[in-house]
Amino acid sequence: MDGVFYRHRDSSGARGPVSREQLKALVLSGKLKAYDFVWDAPRERWLHVAQIGGLRDFLPGRPGAAPANEVLPPPPTQDQPAQAPAKAAAPATPKQPAQPTAQAPAQPPTSPAKPPRAPAAPAGAPSPAVMGPRERARAKARAVVDARGLTSPSVAPAQSTPNTSGDETGAAPTRRRPRVLRRLLIANAAVLVLLLGGSWVWSHMAGEGGGPMAWLRSATNIVPVAKAPPTADEIYQSDVKPLLEQYCYRCHGPEKHKAKLNLAEFGDVKSIQAKRKLWHNLFNMLHTREMPPEEKPQPTAEERDRITAWLEGVLNSYDLNGPIDPGRVTIRRLNRNEYNNTIRDLLAVDFRPADDFPSDDVGYGFDNIGDVLSLPPLLMEKYLDAAEQALSKAIVEKPNPESPTRRYSPGQMRAEGGASADGSSATMYSTSEVFTNHNFPASGKYTIRITAWANQAGDEPAKAEIRIDGKGVKVHEVKATQKKPGNYETTVHVDKGNRRLAVAFINDYYDPQNPDPNRRDRNLYLHSVEVTGPIDAAPPTLPESHTRIFIAYPSQELPKRDAARRVIGRFATRAFRRPVGDDEIKDFMTLYDLAEQHGETYEASVKLALEGVLTSPNFLFRAEPDRPTDDPDGVYPLNDYEVASRLSYFIWSSMPDEELFSLASQGKLRDPAVIEQQVLRMLKDKKAMALVDNFAGQWLQLRRLPEMAPDDKAFPQYDDKLAQAMEKEAKMFFASVMLEDRPITQLLDADYTYLNEPLAKLYGVPGVTGDEMRRVELPDRRRGGVLTMGAVLTVTSNPTRTSPVLRGKYVLENILGTPPPPPPPDVGNLKEIKDPTLSLRERMEMHRQDPNCASCHRRMDPIGFGLENYNGIGQWREKDGQATIDPSGTLPDGATFAGPADLKRLLASREQEVARCFAEKMLTYALGRGVEDYDMHAVRDITLGMKRDDYRFSRLMIEIAQSKPFLYQRNLNADEVNDEQ
């Protein structure tokens with residue numbers, strides 16, 4: 001490129017930087033006019049087309065020029081930062097010295113603030129750097145004359161639309177200028193000729209280096225300053241606002257606010273930029289000809305382009321030049337999937353405790369949005385139970401070699417039946433039980449010892465039974481007396497775990513008539529219960545979950561408490577996904593000390609502290625706290641650990657792995673090259689399937705499939721087995737696009753899918769047998785892409801029939817990103833007309849006669865009718881009852897299709913619209929918040945980045961991970977300041 005950039009919408013919708021030669025082609029084709037302006041990137045200024053050397057001779061009104069269609073000034077491309085149009089009035093950049101010879105190439109500027117190459121002249125035209133003074137002065141004078149509209153009079157082809165811009169190359173015929181003006185032009189031209197001629201003569205006599213009259217040569221190069229191009233506000237008032245008043249104010253003006261929209265409130269560019277999201281939607285509706293409604297007066301193609309080109313320029317230039325707001329993400333707790341995955345990766349256990357948690361709320365279509373993830377009291381109780389269960393599965397509690405025996409006094413036990421466990425002994429005066437819960441750390445042999453005595457009566461001694469989990473393991477005859485209690489023990493094999501350990505009095509006896517008062521009542525008195533073991537147990541095999549946690553054990557060199565501190569600190573760092581301070585570790589060491597004081601083993605004491613870690617807000621929530629910043633808007637970069645968490649929960653729905661932690665500790669995770677390398681690595685990891693389950697599952701609404709209940713009579717072949725196959729097809733197809741790094745447009749139209757026998761039978765695809773899902777090449781394009789999959793077609797249908805409205809709405813919201821407004825509150829449902837000769841399409845057209853419904857149904861229904869060949873569960877059909885299905889349609893912008901295959905190709909061809917919508921959805925999922933007006937610059941940049949890489953899936957993920965909303969945050973106080981203002 002030669003440095004001049006112009007964003008031009010051609011017939012295919014493409015935009016991009018163009019050279020002067022390409023600009024000349026646009027002028028010759030009638031797509032550019034003299035007053036259109038473009039961005040001159042090297043000189044950082046706006047130029048009229050008439051000011052660009054080599055183009056003036058091709059403008060309308062000159063010999064050989066083509067008639068021009070009016071095109072409004074577009075914004076610069078994303079690659080060249082734009083300046084406000086008002087900057088065009090600033091003094092021009094000083095010109096570079098001329099080269100000694102015409103053959104010498106122009107030297108590139110050395111300032112880093114300028115592009116490396118100067119604009120090159122078109123073929124046949126001299127470069128500004130090698131022009132002589134006469135040529136340079138003549139070019140400047142010519143640019144001034146042309147820019148002021150002082151070209152020679154001519155008559156342009158007449159057109160139906162009057163010219164409102166004031167430019168003589170517009171639609172209306174030009175008029176001859178007054179004779180006085182022509183004479184003034186002749187006089188000015190004569191003066192210029194004399195000046196330029198004198199400059200030329202002197203330059204040949206004295207050379208370019210100087211001379212006794214160098215001041216005269218410089219004076220001859222002075223030309224009038226070019227008039228600044230109109231500002232965006234001036235164009236709005238003169239060109240755009242009158243068209244809005246003419247075509248839009250009937251429904252959205254001062255008197256009528258349809259859809260609660262009053263366009264008259266927007267009096268200038270600033271007010272429009274304050275509501276960018278709204279105006280982006282308006283731009284889409286105008287661009288696709290969805291507005292005005294077809295029954296209302298329509299702007300001409302020229303007028304519509306005038307509005308959309310100006311609007312696009314205003315919205316995009318604001319994003320480029322204004323301060324970029326990265327937004328603020330609300331502190332958010334881990335949702336159920338994130339909690340399960342984090343426990344899995346933190347503890348290395350196959351355990352999903354969050355499956356029993358309450359369902360997560362959904363916002364913006366996803367369940368990871370911070371604004372809706374509340375913390376009900378029931379969930380806090382679930383967190384406590386989950387932490388204990390997860391750690392019990394992860395940790396092997398080995399017996400403490402220094403204290404292998406655990407002793408329980410009556411005060412530490414509970415009594416049932418005729419017993420009392422108060423005081424120094426438990427009194428069992430009738431059939432009863434004294435028990436406690438004991439944790440047997442490993443499977444093996446344990447010695448259980450009781451200390452007891454008894455009052456004897458009857459013909460047998462008192463009997464005490466030792467029970468484990470309610471089963472008797474040993475009966476002891478207690479003959480000891482109060483003066484000398486006896487010890488009774490047994491050795492028994494016990495499996496690992498928390499178990500109920502009890503001592504039962506099983507032979508109570510009472511005879512009040514016995515002549516010996518000491519033999520009338522038999523009672524049992526229990527002093528203590530001791531458990532020793534396991535005895536001679538082999539060292540347990542420690543699983544990965546245990547060794548991952550216990551990185552240190554007590555030794556002669558490492559005291560027990562120091563070892564525990566090391567284990568707890570390491571675990572907390574990984575669980576909190578950042579380094580932890582000494583004060584934080586101190587709180588958890590308090591729990592460790594408490595457990596050790598109660599005689600717990602080293603492992604059990606550490607386990608109690610780790611339960612505290614897993615119930616800490618630092619683990620349960622993802623927070624990016626405010627911090628001091630010099631930015632006036634409170635914007636600050638996230639640190640490397642926060643970026644690591646954003647990346648891992650974006651792609652894996654889980655915590656960072658060791659490589660991300662390592663890069664974060666080295667401060668490398670904000671490097672764009674490192675981010676790209678990590679995104680590509682993470683997408684190849686099996687944990688990336690979380691993106692399929694959690695993003696695709698919600699984007700495609702697959703989670704609604706188990707809730708669907710198609711009518712048994714209408715769809716007898718639908719069952720749970722078929723529904724599961726539908727869900728697997730959609731997920732496996734999305735995964736193939738992700739793992740094979742295909743363009744995202746192939747999500748809409750592809751020549752393959754994944755089927756098993758029941759699903760292939762429903763689709764009418766032969767040669768597939770068995771229940772196993774496998775990749776199948778499709779015989780035709782009736783299938784292929786998510787829109788023709790049974791899962792999507794089922795969730796966008798009613799229980800008894802299809803729903804063109806739901807299917808059309810689904811495409812507008814999830815594929816094109818142009819959702820329709822909510823229906824009016826008093827709108828009625830489609831009435832059931834029991835006429836078998838009428839198709840659903842004909843009944844819908846009767847419904848569309850209601851003016852309250854027509855505008856939205858005009859957008860949704862054609863798409864839905866294009867999918868009518870698929871019934872309520874996605875089976876192909878040619879008729880709806882007795883009526884033949886007509887799947888053809890016309891979109892609001894005039895594009896037509898003959899059936900589902902055409903519709904898919906049409907949607908897939910709109911790459912930029914599809915990519916923009918997909919980028920918005922994925923950015924919402926990645927950030928955990930909705931995409932706002934101030935995010936439009938990021939969405940545009942992500943979309944452009946995808947375009948440069950053929951819209952490949954990996955490029956989407958990389959662009960999001962490198963975007964400013966992903967890497968930056970705004971302090972909360974910035975919101976407060978804005979509110980006060």
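**Entry 1: Asn341**

I began with the contacts of Asn341: leaving out residues up to four places away in sequence, it touches Arg352, Trp652, Ser653, Ser654 and Ala690. I note here that the model is predicted. Asn341 lies in helix H10.

**Entry 2: the whole chain**

Next I took the totals. The protein chain has 981 residues, and 50% of them are buried. I counted 32 helices and 23 strands in its secondary structure. For contacts between residues at least 6 apart in sequence, I found that 69% join residues at least 24 apart.

**Entry 3: His252**

I moved to helix H6, residues 249–252, where His252 is found. His252 is buried, with a relative accessible area of 15%. Which backbone oxygen lies 2.9 Å from a polar atom of the His252 side chain? It is that of Lys258. Lys258 is also in the contact list of His252, together with Leu261, Asn262, Leu263 and Ala264. That list does not count residues up to four places away in sequence.

**Entry 4: helix H13**

I checked the length of helix H13, residues 560–576. At 1.5 Å a residue, its 17 residues should span 24 Å. The end C-alpha atoms are 24 Å apart, so the span agrees. I then listed the buried residues of H13. They are Ala563, Ala564, Val567, Ile568, Gly569, Phe571, Ala572, Arg574, Ala575 and Phe576. Just after H13, Arg577 takes a positive phi of about 65°.

**Entry 5: backbone angles**

I kept one rule in mind: most residues other than glycine have a negative phi, and most peptide bonds are trans. I looked up Ala348 and found a positive phi, near 60°. Ala348 sits in the loop between helix H10 (336–347) and helix H11 (377–394). Its relative accessible area is 28%, and I log Ala348 as partly exposed.

Tyr951 also went into the notebook. Its phi is positive, about 60°, although it is not a glycine. Tyr951 is in the loop between helix H29 (936–948) and helix H30 (953–961). Is Tyr951 buried or exposed? It is buried, with a relative accessible area of 4%.

Then I turned to the peptide bonds. The one from Gly533 to Pro534 is cis, with omega near 5°. Pro534 is found in strand S14, residues 521–535.

**Entry 6: cavities**

How many cavities of 30 Å³ or more does the structure hold? I found 11. About 90 Å³ of space lies in the largest cavity. I wrote down its lining: Thr288, Glu290, Leu812, Leu816, Thr818, Arg859, Ile863, Leu891, Pro892, Asp893, Arg910 and Glu913. Helix H24 (804–816) and helix H26 (851–866) are the elements that give two or more residues to this lining. By class, the lining of the largest cavity divides into 5 nonpolar, 2 polar and 5 charged residues.

Terms used:
Residues are numbered from 1 along each chain as its sequence is written. This is a predicted model: local features need pLDDT of at least 70, side-chain atom pairs count only at pLDDT 80 or more; totals for chains, interfaces and linings use all residues. Side-chain values use heavy atoms; hydrogens and water are left out. On a 1 Å grid over the protein atoms alone, a cavity is a set of points where a 1.4 Å probe fits but cannot get out, and a pocket is an open set with protein on both sides within 12 Å along at least five of seven lines; lining residues have an atom within 4 Å of a point. Grid points are joined across faces, edges and corners, and a volume is the space filled by probe spheres set on the points. Helices (H or I, at least four residues) and strands (E, at least two) are DSSP runs, numbered from the N terminus. Ala, Val, Leu, Ile, Met, Phe, Trp, Tyr, Cys and Pro count as nonpolar, Asp, Glu, Lys and Arg as charged, and the others, Gly among them, as polar. The expected span of a helix is 1.5 Å times one less than its number of residues. Buried means under 20% relative accessible area, exposed over 50%, partly exposed in between (1.4 Å probe, protein chains only). A polar contact is a pair of N or O atoms within 3.5 Å; within protein, one must be able to donate a hydrogen and the other to accept it, and residues adjacent in sequence count only if both atoms are side-chain atoms. Contact means heavy atoms within 4.5 Å.
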